[in-house]
Amino acid sequence: MTQAKQHEIRIKKLFRRTRFGIFVLFGAIVVSTSALSIRTVSSQLSEEYESNSANIAKNIADSSVDILLNRNLATLQSLIDQFVEIQSIRYIYITSDTGEILTHTFVPGVPQVIREGDPHATEPIERSLPGMGDFVEVGSPILAGQAGTVHVGMDLDLVRLKIQRATGQQIYLICIILIVGILGSIWFLKLAVTPLEDLLSYVVKLARRDEDTEIDARVLARDDEIGEMARLMLHAVKGESAPGAD
């Protein structure tokens, strides 16, 4: 194997290592950005849905005061049936001040998990109901809890699906940026490596006293550091050969 070939292989190895480093760097950026994006979107959407559910519970609580005072449970049932049609809201039930379930939207009946829960709880609670799925339940007191509590269950599966869609779009865009960034970095790196390859070839030819007019002219004509190094080496070689000529 000639010396020129050895230098060519070294350049390719250097280029391969640098390309691998670029890939690792961009990969780390994509992974960290994706993780942050998923966490941010998940947190924001979950908070948004919990806030909407809490507002719905409060609206029902405000609207049901007179209905409860008149003990008109049929009207109260009609009221919560309208709200349960809202997307992501899967169930609603209202408990009295004593904890009795006055009305609900469960079919065919109230799950045992709900019956065993705290009827006066208003803080968000995660529930897993057999045959129905996972939910986040929020509550709102009626007349500060004196007339009962409204409970609204939000479907977590639907929230998770929307989170996946939102983050999937962002990750898709990030992956495109990753590919474009890697290809662009490799292209710019190749622009830097090509002159170095020419310089190595020129140095090898100087050492072997070979002449290649095309490479010599291209390298010596450069006005950057590569050209300066080539001219300096040419001057050094001529200086070493001058005493021998005498």
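In this predicted model, the buried residues of helix α3 are Leu76, Leu79, Ile80 and Phe83. These four residues cover an arc of only 90° around the axis, which puts them on the same side of α3. An α-helix has 3.6 residues a turn, so residues three or four places apart point the same way. The face of α3 that is turned away from the buried side carries the exposed residues Ala74 and Gln82. Ser78 also belongs to α3, which spans residues 73-83, and with a relative accessible area of 37% Ser78 is partly exposed. Ser78 and Thr103 are 25 residues apart in sequence, and their C-alpha atoms are 9.8 Å apart in space.

**The chain as a whole**

The chain has 246 residues, of which 33% are buried. It contains 7 helices and 5 strands, and from the N terminus on these elements follow the order α-α-α-β-β-α-β-β-β-α-α-α.

Confidence should be kept in mind while reading the model. The mean pLDDT of the chain is 77, and 85% of the residues reach 70 or more. Confidence is highest in strand β1 (residues 89-95), at a mean of 89, and lowest in helix α6 (residues 213-220), at a mean of 65. Over residues 1-9 the pLDDT stays under 50, and for this stretch the model has 6 contacts beyond four places in sequence.

**The nonpolar cores**

The largest nonpolar core has 20 residues, and those touching the most other members are Ile60, Ile92, Ile94, Ile142, Val150 and Val152. At least two residues of this core come from each of α1 (3-63), α2 (65-69), α3, β1, β4 and β5 (148-155). Apart from this core lies another, made of 8 residues, among them Val41, Tyr49, Met154 and Leu156.

Leaving aside neighbours within four places in sequence, Val152 is in contact with Ser53, Ile56, Ala57, Ile89, Tyr91, Ile92, Val136, Glu137 and Val138.

How many of the residues of β5 are buried? The strand is mostly covered, with 8 of its 8 residues buried. Both of its faces are covered, with Gly148, Val150, Val152 and Met154 buried on one side and Thr149, His151, Gly153 and Asp155 buried on the other.

| Strand pair | Sense | Bridges |
|---|---|---|
| β1 and β5 | antiparallel | 6 bridges |
| β4 and β5 | antiparallel | 8 bridges |

Most residues other than glycine have a negative phi, and most peptide bonds are trans.

Ser140 lies in strand β4, which covers residues 133-142. Is Ser140 buried or exposed? At a relative accessibility of 9%, Ser140 counts as buried, because buried means under 20% relative accessible area. Beyond its neighbours within four places in sequence, Ser140 is in contact with Ala57, Lys58, Ala61, Thr122, Thr149 and Val150.

**Two places in loops**

Pro108 sits in the loop between β2 (101-104) and α4 (112-116). The peptide bond that joins Val107 and Pro108 is cis, with omega at about 5°.

Ala221 is placed in the loop between α6 and α7 (225-245). With a relative accessible area of 62%, Ala221 is exposed, because exposed means over 50%. Ala221 and Arg231 are 10 residues apart in sequence, and the distance between them in space is 9.1 Å, C-alpha to C-alpha.

Key:
Residues are numbered from 1 along each chain as its sequence is written. This is a predicted model: local features need pLDDT of at least 70, side-chain atom pairs count only at pLDDT 80 or more; totals for chains, interfaces and linings use all residues. Side-chain values use heavy atoms; hydrogens and water are left out. Buried means under 20% relative accessible area, exposed over 50%, partly exposed in between (1.4 Å probe, protein chains only). pLDDT is the predictor's confidence in each residue, from 0 to 100. Contact means heavy atoms within 4.5 Å. The arc is that of the directions from the helix axis to the C-beta atoms. A nonpolar core is a set of buried Ala, Val, Leu, Ile, Met, Phe, Trp, Tyr and Cys residues joined through side-chain atoms within 4.5 Å. Two strands pair if DSSP finds at least two bridges between them.
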